[in-house]
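Here are my notes on the model you passed along. Have a look at the picture before reading on, and keep it open beside the points.

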There are 2 protein chains.
Amino acid sequence: MSIITVVGAGMMGSALSMPAHDNGHTVRLVGTHLDREIIASIKECGFHPTLKRQLPPGVEAFQIEELEAALEGADLVIGGVSSFGVEWFTQHVLPKIPSHLPVLSVTKGLAEGPGGRLVPFPHYMQAKLGQGKSLSLNAIGGPCTSYELADRRHSAVCFCGEDSEILERLKGMLETAYYHISTSTDVMGVEAAVALKNAYALSVSLAIGLIEREEGVGCQEAYNPQAALFGQAMREMAALVHLLGGREESVAFGVGDLYVTIFGGRTRRLGTLLGRGLSFEEALAELEGVTLESVAITKVVAKAVRTQAQQGLLRLGDFPLLMHVDEIISQGKPVNIPWKAFTYSFR
Amino acid sequence: MSIITVVGAGMMGSALSMPAHDNGHTVRLVGTHLDREIIASIKECGFHPTLKRQLPPGVEAFQIEELEAALEGADLVIGGVSSFGVEWFTQHVLPKIPSHLPVLSVTKGLAEGPGGRLVPFPHYMQAKLGQGKSLSLNAIGGPCTSYELADRRHSAVCFCGEDSEILERLKGMLETAYYHISTSTDVMGVEAAVALKNAYALSVSLAIGLIEREEGVGCQEAYNPQAALFGQAMREMAALVHLLGGREESVAFGVGDLYVTIFGGRTRRLGTLLGRGLSFEEALAELEGVTLESVAITKVVAKAVRTQAQQGLLRLGDFPLLMHVDEIISQGKPVNIPWKAFTYSFR
């Protein structure tokens, strides 16, 4: 059995201690400077206060100052930070990881590259590390909320990375009867698809708030409008994955992830508030203190799409839903879904 | 303005009277022999008893014996029967329709052709009509439940047919501020995608019942397992559309339709009961009297897939979810989702 060190004690990183523990591995969970109270709680009684679950017995908790000790003898490092922690992870954690030690990151998102390019985090991190150091940087995509993984519900994900042998090894370490792992060398496609779902889950959730505005809160949910937006979201996600050089087979991981995110917490709540007619500023005020990866990814992708449109690399008109969500977020425009822009004549 | 005659007074055919009426057309709604009470109610007070909505004022109701009168001077015939009524519609209605009069069918499904082929209903109906008569047979696909269309909620559909000029004309007749219409000449792709969603919505719903069995009815819904099945459903649907010769762009109509159907009534209810552990026979008994298009389409498609696999035209292993649902339905096997068959190594 192996030693698995998770750096970042947020919900998803911590939830991975379930399959890791169930496979008999030693699990070391290291909090960032933002996770002090979480780690203190786990050290005291094994309870994770934001995941709201008891971690498996034997999971060892470490404060960030104890990182070196936690990395000692490890066979795998799981990067458990959110997209807002990628810089910190790259600067403060990756340099301490020896080259033979593979990294598997749960972070979903895309980084801004030069000239309007979008870069998946594993590539971004490798570029930041520079040529002096090379690590095996892999990532997890696909539909999996942390709560449900912690409850050992069936969850299907994809591990992506450059080296399929390493991917199969990581799969062997973490696959359980409930945690189902595909592997893919299409880092760009998988990472783009599962990052984009945050932006598009926000857009589908707009329909929930719109109906509440028209018919009253607590009315029957409206699935026709949601489904119209879901279909358009899939169309735009697939087009973006294709434009970024990702493979078609990777889109399904993003679409499954879109499905689970629409029913998840923060992104749905923001979309619903916007759909009800709140301005972006008002909605943010209601969601005080919540990190919104959906907002971050929408801005990054919309900016890249606009830049690439100016360069003649794509047509802005192919992404009417993304553009509208960005207008709401970045320009304070009211929700006014361009339904007719989603109709096509296929000949 | 035009005269639109709807034949089949089920929920979807009747709901189309909303956009038709809102565009100023004369709407004539003709019941089949199964719709006698519906038509009697509409004649009496305009209320549709299964749609549970008041139809727009001025919608004229006709019993089946009055079909000829209802067709007199019509500009469009909407076929409003379910997949179980296609034979009847083909035999008893189509021969009465003059060649210049286009038909637009709401029926979703696929017919069995020779040698394990699957045939979309417009092609099936034309073949049955024989060479003596040619009609413009078009169809509606895409995510749209009748209740929500009747409530004038935003709904996005696709009209498919051979002739794009006729499609644009039909779109012009029925498009409203809430009814959004794409058009496509890919009859095979659109019809396959939206027919398959019934089979796959059943499969995704299994996860709802499975969790209820494990954690108790009324527990928090489990979206990780649903999302895993949703992703797999999309993968298999796209592969089938491709194998049948449909175009990739048509898959999104089926995936949106899958989304809305999972939250709809009958198919979700059957999947949930099966997931809870009821046998197919027991589940059917609970759903007494309900027509189950999901069961019909699953059997037809699974049979065709098995036949084509025997002919070496496809690999049965590419459709593990469809095969499992068919085993449950056709062979009485218990639900035992082959999760690991949904994991892939993409290199």
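1. Conventions first. This is a predicted model: local features need pLDDT of at least 70, side-chain atom pairs count only at pLDDT 80 or more, and totals for chains, interfaces and linings use all residues. Residues are numbered from 1 along each chain as its sequence is written, while chains are lettered from A and ligands numbered from 1 in the order in which they are written.

2. Interface. Contact here is a matter of C-beta atoms, placed from the backbone, lying within 7 Å. By that criterion 45 residues of chain A meet 45 residues of chain B. H10(A) gives the most to the chain A side, with 10 residues. That side divides into 22 nonpolar, 15 polar and eight charged residues; Ala, Val, Leu, Ile, Met, Phe, Trp, Tyr, Cys and Pro count as nonpolar, Asp, Glu, Lys and Arg as charged, and the others, Gly among them, as polar.

3. Helices (H or I, at least four residues) and strands (E, at least two) are DSSP runs, numbered from the N terminus, and two strands pair if DSSP finds at least two bridges between them. Nine strands form an open sheet of mixed pairing, in the order S5(A)-S2(A)-S1(A)-S6(A)-S7(A)-S10(A)-S11(A)-S12(A)-S13(B). Its edges are S5 (60-62) of chain A and S13 (345-346) of chain B.

4. Pairings worth a click. S10 (137-141) and S11 (155-160) of chain A are antiparallel, over three bridges, and Gly141(A) has Cys158(A) as its bridge partner. S13(A) runs parallel to S12 (179-184) of chain B, joined by two bridges; there Ser345(A) is partnered by Thr183(B).

5. Core. The largest nonpolar core has 235 residues, and Val301(A) is one of those with the most contacts inside it. Such a core joins buried Ala, Val, Leu, Ile, Met, Phe, Trp, Tyr and Cys residues through C-beta atoms within 7 Å, buried meaning 20 or more other C-beta atoms within 10 Å of the residue's own. Not counting residues up to four places away in sequence, Val301(A) touches Leu110(A), Leu118(A), Leu196(A), Ala199(A) and Leu322(A).

Note on methods
Contact = placed C-beta atoms within 7 Å. Buried ≥ 20, exposed ≤ 12 C-beta atoms within 10 Å, placed from the backbone.
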